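Grab a pencil and work through these exercises on aromatic rings. Each task comes with a step-by-step solution.

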Amino acid sequence: MPTTASEFDDFAEVLRVERKVRPLFIVGASKVDDLLLQILRVHHLPKRSAGKNEDELLEGDKCTFSMRIKMCHRLGIIDETLYLSLERLKSIRNKCAHTVALDHAASPLREHFSEFRRSLAGRASYRLTKKRYFEYEFANPIEEWQCLLLTICVLLEAVRVNMVPTKGNTKTLKISAR
């Protein structure tokens with residue numbers, strides 16, 4: 001489902017209001033997962049059977065957040081640096097989702113956050129996201145993490161908007177039809 005600029009800004013506001021680490025990364029990763037799914041839906045030919053609502057190749061138990069990240073990278077939709085940032089996000093999200101007593105200042109989560117920041121903070125897209133959504137210096141780590149998550153979402157939204165629906169590989173389709 002396409003997202004308008006105002007819908008994306010609404011999501012950014014929801015994310016910016018969150019002040020706790022766990023929900024911030026769970027909500028942020030959920031948006032990232034949804035964007036990856038939308039990108040993959042554009043890249044793949046539509047499913048043949050109209051009987052099921054769910055696309056078994058892209059949704060359900062078989063296509064996890066991790067699998068969508070890998071598919072986007074292996075299909076050449078996202079580059080190596082964004083892939084590594086998404087892998088770091090996945091590690092943080094998993095810790096947030098599966099750890100009751102979360103201490104973001106303790107190892108290994110501290111290192112995950114540090115690597116996550118290092119992988120994105122030097123990008124022009126990070127600076128543009130910070131300028132658009134944060135008019136001041138970050139008052140705490142949560143605000144910086146919000147900016148990092150929004151940067152990934154902005155990048156994936158730009159990828160999604162620029163995707164051209166596939167018609168298949170005409171050369172191989174002709175060969176396979178012989």
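How many aromatic pairs does a search of the whole structure find? The search turns up six aromatic pairs. Rings of Phe, Tyr and Trp (its six-membered ring) count as a pair if their centres lie within 6.5 Å.

A word on the ground rules: this is a predicted model, where local features need pLDDT of at least 70, side-chain atom pairs count only at pLDDT 80 or more, and totals for chains, interfaces and linings use all residues. Residues are numbered from 1 along each chain as its sequence is written, and side-chain values use heavy atoms, leaving out hydrogens and water.

**Exercise 1.** Classify the pair Phe 8 and Phe 11.

Step 1: the ring centres are 6.2 Å apart and the planes meet at 55°. Step 2: planes under 30 degrees apart are stacked, over 60 edge-to-face, and the rest tilted. So this pair is tilted.
Step 3: both Phe 8 and Phe 11 are buried (under 20% relative accessible area; exposed is over 50%, partly exposed in between, with a 1.4 Å probe and protein chains only).

**Exercise 2.** Now do likewise for Phe 113 and Trp 145.

Step 1: with centres 4.2 Å apart and planes at 15°, the pair is stacked.
Step 2: Phe 113 is buried at 4% relative accessible area, and Trp 145 is buried too, at 6%.
Step 3: ring pairs join Phe 113 and Trp 145 with Phe 25 and Phe 116 in a cluster.
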